[in-house]
Amino acid sequence: MEKVLTTHFANERYRRLDTYRQYGGYEALKKAFAMTPEAIIDEVKKANLRGRGGAGFPAGVKWGFLPKDLSRPRALVINADEGEPGTFKDRVIMTRGPHLLIEGIAISSFALRAHACWIYIRGEFVREAKILDEAVAEAYAAGFLGVNILGSGFDLDVTVHRGAGAYICGEETSLINSLEGKRGWPRLKPPFPASVGAFGMPTIVNNVETIADIPWIVTHGGDTFAALGVEKNGGTRLVGVSGPVNRPGVYELSAGANLKDVIYNVAGGMRDGKKLKAVIPGGSSTPVLRADEIDVTFDIESMAKIGTMSGTSGIIVIPEGTCMVRALSVLMNFYAHESCGQCTPCREGTGWLKKLVGRIEAGEGRQGDVELILDLCDNMMGRTICALADAAVMPAQSFIWKFREEFDRHIGEQKCPYGNRF
Amino acid sequence: MSVAFSETGRAEFERLLTRYPDRKAVILPALYLAQKEFGYVSAEAIVYIAGLVGTSPAEIEGVATFYTMYNRKPVGKYHVQICRNISCSLLGAEHLIEHVSKKLGVRPGETTPDGKFTLGTAECLGSCGTAPMMQVNDEYHESLTVESIDRILDQLP
């Protein structure tokens with residue numbers, strides 16, 4: 001299958017500008033400057049490029065939300081805050097092909113008429129931020145960023161900005177607040193970032209992979225990109241597989257790949273002859289699937305049909321022998337830790353979910369605890385400024401719906417049948 | 001005791017100011033700079049940054065305490081953070097945390113008496129394909145086993 005991003009990722013030198021250019025790097029930018037911004041946006045719309053950060057919003061449609069009036073300066077912000085547990089794909093792009101992202105930024109900024117771009121990268125990615133900084137410096141020196149890029153008259157400044165350890169900053173309005181030097185508290189919408197975003201500017205926030213796809217789309221055309229995927233979900237996707245499989249890692253696959261095939265063939269199947277018990281398909285916030293539910297296409301629409309999401313395409317493989325209550329407890333600790341505390345249903349709800357699931361796992365669960373968890377979930381879902389509460393609710397509900405007998409057994413026996421171990 | 005950036009630190013701060021349309025946007029990078037220069041983000045560092053940025057220490061404090069990567073207390077020479085999230089847990093992170101805890105004689109959140117190691121746990125660090133993993137200061141160590149973790153920690157000067 002044709003690859004959009006990873007063709008040269010095995011080459012260590014591909015992260016350097018000279019090697020990137022040997023493989024045709026920055027030719028798409030030249031082509032883009034010969035097009036009108038509107039024509040570029042049309043190609044992105046035709047490409048059926050869906051945001052790769054988890055929500056899957058059509059990128060071209062998002063771009064269309066910028067106000068028509070050009071009187072206020074605009075910004076492009078790259079979400080490189082990769083923090084959804086089970087997700088480790090953008091890191092591969094930033095480490096192996098940083099210029100794909102930078103060329104994508106230059107083209108996208110030209111299309112959006114934005115002259116400022118910030119790459120907001122999670123603070124823990126120190127090495128990745130350094131690689132990006134070096135690549136940005138190379139691009140400036142070669143005239144692909146800065147003033148009057150390639151004689152086009154277009155100016156663009158790009159700055160790498162490090163976060164400081166907060167999952168919530170992957171939410172775009174929280175990310176913007178954090179970029180502005182504030183606590184990473186999500187903002188009420190409207191106004192949406194497209195009208196009032198970073199520093200008050202009309203702002204588009206896109207994921208790393210989304211923007212890294214742009215050069216290929218400009219080179220080969222939106223239709224060609226769309227044809228690599230399935231209807232409404234164009235192109236390829238970087239899919240991460242983690243857990244006890246033989247070949248964990250990041251793979252570039254068609255957006256229409258089959259989930260079972262990804263686990264058993266692409267990732268080499270289960271390690272040490274283990275049997276599959278469950279799969280979290282798109283990062284820890286997406287509803288869990290039982291082993292018998294995974295013979296499905298991995299695209300956004302197909303996953304929605306079976307009540308889950310392809311999310312960030314971070315597939316977490318859970319083997320037979322895993323205590324699902326303990327696994328959920330790990331996740332509930334995470335969401336309680338990461339709730340920003342702004343909205344009561346989330347701040348209190350994630351804390352309660354952590355305590356309730358924790359006490360069931362500890363053998364101290366009470367009759368009615370499972371119902372209480374589900375009731376809490378109903379009072380959190382959709383009742384907060386951002387989706388963090390929903391992100392905690394989706395695993396909590398789905399683990400209970402699909403593995404209810406394990407919760408009941410913990411409560412009935414007043415102990416963890418798995419001996420409180422993974 | 002008041003603190004101040006070194007000359008290099010001050011130059012870096014000035015460079016940062018040129019990258020944003022608003023002065024306050026340098027708060028996060030300035031806190032990193034303070035941590036690098038002073039070892040941790042002390043109360044004095046907060047007051048100092050507030051003065052440089054032109055805002056109240058309370059605002060800087062509010063920002064600094066929101067994020068996990070700013071150490072408000074001194075940490076050991078090596079800050080060992082073992083990921084405890086789902087992919088790492090599925091592949092033995094709990095066992096590794098217990099092992100390192102026993103090896104260093106400290107619980108997560110504590111520093112060894114000689115000040116060499118602070119042990120901590122971390123939420124997902126985006127390295128799930130090479131789980132289990134840990135971060136020691138800025139560096140990632142991946143696909144860990146008890147043996148490799150011993151080797152890594154034993155080799156640190």
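In what order do the strands of the open sheet of chain B stand? The open sheet has 4 strands in the order E2-E1-E3-E4, with mixed pairing. This report describes that sheet, the rest of chain B, and parts of chain A.

The structure is a predicted model, in which local features need pLDDT of at least 70 and side-chain atom pairs count only at pLDDT 80 or more, while totals for chains, interfaces and linings use all residues. Residues are numbered from 1 along each chain as its sequence is written, and chains are lettered from A and ligands numbered from 1 in the order in which they are written.

## Chain B

Chain B contains 7 helices and 4 strands; helices (H or I, at least four residues) and strands (E, at least two) are DSSP runs, numbered from the N terminus. The C-alpha trace of chain B spans about 50 × 35 × 25 Å along its principal axes. Chain B has 157 residues, of which 39% count as buried. A residue is buried if 20 or more other C-beta atoms lie within 10 Å of its own, exposed if 12 or fewer, and partly exposed in between, with C-beta atoms placed from the backbone. Two residues are in contact if their C-beta atoms, placed from the backbone, lie within 7 Å. Among contacts in chain B between residues at least 6 apart in sequence, 55% join residues at least 24 apart.

In the sheet of chain B, the order is E2-E1-E3-E4. Its edge strands are E2 (117-122) and E4 (139-141) of chain B, each of which pairs on one side only. From one strand to the next, the twist averages 25 degrees. Two strands are said to pair if DSSP finds at least two bridges between them. Within this sheet, Val80(B) stands opposite Val136(B) in E3(B). Helix H6 (residues 93-104) of chain B lies across E1 and E2 of chain B and runs at about 155 degrees to E1(B). Axes are lines fitted to C-alpha atoms, for helices over the stretch in contact, and angles run from 0 to 180 degrees between N-to-C directions.

Elsewhere in chain B, helix H3 (residues 43-53) and H4(B) pack at an angle of about 120 degrees, with their axes 8 Å apart. In this packing, Ile46(B), Val47(B), Ile49(B) and Ala50(B) of H3(B) meet Pro57(B), Ile60(B), Glu61(B) and Ala64(B) of H4(B). The residues of this contact divide into 7 nonpolar, no polar and 1 charged. Here Ala, Val, Leu, Ile, Met, Phe, Trp, Tyr, Cys and Pro count as nonpolar, Asp, Glu, Lys and Arg as charged, and the others, Gly among them, as polar.

## The interface and the core

Between the chains, 34 residues of chain B are in contact with 46 residues of chain A. Helices H2 (27-38), H4 (57-64) and H5 (86-90) of chain B each supply at least two residues of the side that touches chain A. That side of chain B divides into 19 nonpolar, 9 polar and 6 charged residues.

The largest nonpolar core has 183 residues, and Val77(A) and Cys117(A) have the most contacts inside it. A nonpolar core is a set of buried Ala, Val, Leu, Ile, Met, Phe, Trp, Tyr and Cys residues joined through C-beta atoms within 7 Å. Helix H17 (residues 388-413) of chain A contributes the largest share of this core, 12 residues. Not counting residues up to four places away in sequence, Cys117(A) touches several residues, including Ala75(A), Leu76(A) and Ile105(A).

## A sheet in chain A

Chain A has an open sheet of 5 strands in the order E6-E5-E9-E7-E8, with mixed pairing. E6 (249-254) and E8 of chain A stand at the edges, each with a single partner strand, so one side of each is left without a neighbour in the sheet.

| Strand pair | Bridges |
|---|---|
| E5 (residues 236-242) and E6 of chain A | 6 bridges |
| E7 and E9 (residues 314-319) of chain A | 4 bridges |
| E7 and E8 (residues 289-290) of chain A | 2 bridges |
| E1 (residues 78-83) and E3 (residues 134-136) of chain B | 3 bridges |

E5(A) and E6(A) form a hairpin with 6 residues between them, and Gly243(A) in the turn has a positive phi of about 105 degrees. Val239(A) stands opposite Tyr251(A) in E6(A). E6(A) is mostly covered, with 5 of its 6 residues buried. In E7 (residues 276-280) of chain A, 4 of the 5 residues are buried.
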